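Thanks for sending this one over. Here are my notes, point by point, to read alongside the model.

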Amino acid sequence: MMNEIAIGPHRITSLRPGMPILTLAPMAGISNWPFRLICAKMGARMVGVEFINCNAILHNNPKTLQMMNFCDADIYQDTGISLLAAQIYGNDIDRMVQGALVLEEKGAQVLDINFGCSVPKILRSDSGAAFLKDINRMMNAVSSVATAVSIPVIIKTRLGWDNNNISILEVVKRAADSGAHAVAVHARTVAQKFNGNADWSWIARAVDISPVPIFGNGDVFTFQDAKRMASQTGCAGVMIARAARENPYIFSGDLVPSFFERITLARNHLDMMVDYKGEKVGVIEMRKFFASYFKGFPNASSLRSTLVQVETVKHAHDIFDEWITNLGRHLHGV
């Protein structure tokens with residue numbers, strides 16, 4: 001299990017000896033600055049930005065400009081607790097280059113190119129995982145972006161188009177020569193989307209032939225899963241996506257947060273989201289996190305059902321205050 005890896009000039013170390021290097025995958029609608037800062041403070045050694053359309057960058061799309069709020073960048077630069085990896089996608093290589101340069105200027109420390117998104121709308125636009133249909137085109141994009149920017153470039157991709165067209169080994173062999181400093185492998189094909197099981201054996205094969213670090217991704221739901229992936233595949237790090245939304249504590253190791261700690265997390269996240277998007281939108285977007293943060297916690301079903309309907313910051317804090325008071329009475333036998 002690796003304790004340190006290099007991404008260009010950057011050195012990433014595990015949070016503690018014996019832990020794999022854990023990173024936050026870019027997730028649309030999830031990995032905005034409040035959430036990725038939370039994950040960084042929990043122990044994520046690299047945090048991905050929501051994936052950004054290069055065309056929208058160049059057209060100054062208001063939603064995209066908000067997504068490019070990298071107000072957390074200085075924290076990573078000053079403290080070194082994590083690296084900020086901004087992810088881009090598109091179908092026009094020249095525009096991808098232009099978009100990458102904007103993200104670098106905004107403060108990204110790493111540029112991540114998305115070659116793995118299997119959403120039909122993205123595939124129809126010949127973006128994301130559609131590049132797996134033409135590896136020469138993919139490598140042209142990697143080379144063009146890597147030549148243009150001064151920050152390291154990594155790519156995130158899948159095993160191949162389908163089980164009859166597994167191309168990950170070719171991608172990995174050619175990625176470093178094209179300028180990539182690391183490759184993140186989601187161990188499913190494009191055809192699988194998120195169905196079926198991730199085949200980690202391909203991650204191990206990629207590790208065996210790759211001159212650059214390989215990050216493993218897919219079917220990591222717990223910290224123990226992350227340790228198992230690192231042990232079985234020898235990957236340099238584990239990139240965590242959906243599991244992080246429900247449990248950012250996964251980056252801290254095998255820590256099991258108390259109910260009070262979950263409430264503190266939810267409060268802090270809520271306050272940051274309101275700073276980011278304003279009260280109305282911030283509260284509404286927090287509902288999905290409220291549902292996730294208390295998922296599976298004993299006797300919390302009524303709290304979750306109430307929180308997913310809140311419309312104001314005060315209402316949310318009032319609910320938390322009530323639950324803390326009730327729990328305190330219960331613990332003291334009142």
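1. Let me start with Ile52, which sits in strand β5 (residues 52–53); helices (H or I, at least four residues) and strands (E, at least two) are DSSP runs, numbered from the N terminus. This is a predicted model, in which local features need pLDDT of at least 70 and side-chain atom pairs count only at pLDDT 80 or more, while totals for chains, interfaces and linings use all residues. Residues are numbered from 1 along each chain as its sequence is written, and side-chain values use heavy atoms, with hydrogens and water left out.

2. How buried is Ile52? Its relative accessible area is 0%, and buried means under 20%, exposed over 50% and partly exposed in between (1.4 Å probe, protein chains only). Leaving aside residues up to four places away in sequence, Ile52 touches Ile57, Thr64, Met67, Met68, Gln87, Ile88, Tyr89 and Leu103, where contact means heavy atoms within 4.5 Å. One of these neighbours, Met67, is 15 residues away in sequence, with a C-alpha to C-alpha distance of 7.7 Å.

3. Residues up to four places away in sequence aside, Cys117 is in contact with Phe51, Ile122, Leu123, Gly128 and Ala129. Val145 is 28 residues from Cys117 along the chain, and their C-alpha atoms are separated by 19 Å.

4. Next, the pairing of β9 and β10. Strand β9 (residues 180–186) runs parallel to β10, and four bridges join the two; two strands pair if DSSP finds at least two bridges between them. Which residue of β10 is the bridge partner of Val185? That partner is Gly216.

5. Staying with β10 (residues 214–217), Ile214 and Gly216 point one way, Phe215 and Asn217 point the other way, and all are buried. In a regular strand, side chains alternate between the two faces of the sheet.

6. Two backbone angles deserve a check by eye. Most residues other than glycine have a negative phi. Lys193, however, has a positive phi near 55 degrees; this residue lies in the loop between β9 and α9 (201–209) and is partly exposed, at 32% relative accessibility. Asp219 also has a positive phi, near 60 degrees. Asp219 is placed in the loop between β10 and α10 (223–233) and counts as buried, at 16% relative accessibility.

7. Now the whole chain. The protein has 15 helices and 11 strands. Its radius of gyration is 20 Å, close to the 20 Å that the globule rule gives for 334 residues, so the protein is as compact as a globular protein of that length; the radius is taken over C-alpha atoms, and the rule is 2.2 Å times the number of residues to the power 0.38. The C-alpha trace spans about 70 × 45 × 40 Å along its principal axes.

8. Of the contacts between residues at least 6 apart in sequence, 67% join residues at least 24 apart. The accessible surface is about 14,200 Å², with 49% belonging to carbon and sulfur atoms; these areas come from the Shrake-Rupley method with a 1.4 Å probe, and for residues only the protein chains shown count as cover.
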